[in-house]
Amino acid sequence: QLFYIFLNYLSFSTFNAATKRSYKKLKINEFTKPDLIYAHFIYPAGLSAAIISKEEKIPSIVAIGESSLDYLNFLPQKFLKRNLKKINILISVNSKNAKILENKYGIDKSKIYIIPNAADAQIFYEKDSQICRKKLKLDQKQRYILFVGSLTKRKGIDLLIKTAKNN
């Protein structure tokens, strides 16, 4: 586990250095300085945003779209806690992650907002599959699968493939 912690820290250091170089190349002045730094996911973008935010005195918001924060266990914990506290607002997709941020990482509850992922019920609702297949000119007997998400184990693509093979 220590090897992975070192590897992740090294990876972050490289990412953060590149982000800082890019920021400096923007030739920031009083007219072009951003009002806010936004990052999606804690690692590596959120931690980099936290550091730049503090150095440049610009507020930061990090959206935490991860369904699980277990991967943070493979980062140096003191480094992680110190930099998470630099973030002004954290947006979590669920209360479980919000509690972890609060209890494990010591983030003030007032900095955490829970905004669940959602779908528009006016657009996404159950429809008659036979009518839909006919309208889309799809074979009535053929099986179809729609997967929306990253093609990663974390999103369950491996389970979908296994299930499809077994049925």
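Trainee: In which loop does Phe41 lie?
Mentor: Good place to start! This is a predicted model, in which local features need pLDDT of at least 70 and side-chain atom pairs count only at pLDDT 80 or more, while totals for chains, interfaces and linings use all residues. Residues are numbered from 1 along each chain as its sequence is written, and side-chain values use heavy atoms, leaving out hydrogens and water. Helices (DSSP runs of H or I, at least four residues) and strands (runs of E, at least two) are numbered from the N terminus, and Phe41 lies in the loop between β1 (37-40) and α2.

Trainee: What is the phi of Phe41?
Mentor: Most residues other than glycine have a negative phi. Phe41 is a residue other than glycine, yet its phi is positive, near 85°.

Trainee: Which two residues does a cis peptide bond join?
Mentor: Most peptide bonds are trans. With omega about 0°, the cis bond joins Tyr43 and Pro44.

Trainee: In the packing of α2 and helix α3, what is the angle?
Mentor: Helix α3 spans residues 77-84, and its axis and that of α2 are 9 Å apart. The angle makes α2 oblique to α3. Its value is about 55°.

Trainee: Is the crossing of α2 and α3 left-handed or right-handed?
Mentor: Look at how the near helix is turned from the far one: anticlockwise by less than a right angle is left-handed, and clockwise is right-handed. The way α2 passes α3 is left-handed.

Trainee: How many nonpolar residues are in the contact of α2 with α3?
Mentor: Contact means heavy atoms within 4.5 Å, and by that rule Ile42, Leu47, Ala50 and Ile51 in α2 meet Phe79, Leu80, Asn83 and Leu84 in α3. Ala, Val, Leu, Ile, Met, Phe, Trp, Tyr, Cys and Pro count as nonpolar, Asp, Glu, Lys and Arg as charged, and the others, Gly among them, as polar. The contact has no charged residues, one polar, and nonpolar residues numbering seven.

Note on methods. Axes fitted to C-alpha atoms, helices over the stretch in contact; angles between N-to-C directions. Parallel < 35°, antiparallel > 145°, perpendicular 65-115°, else oblique.
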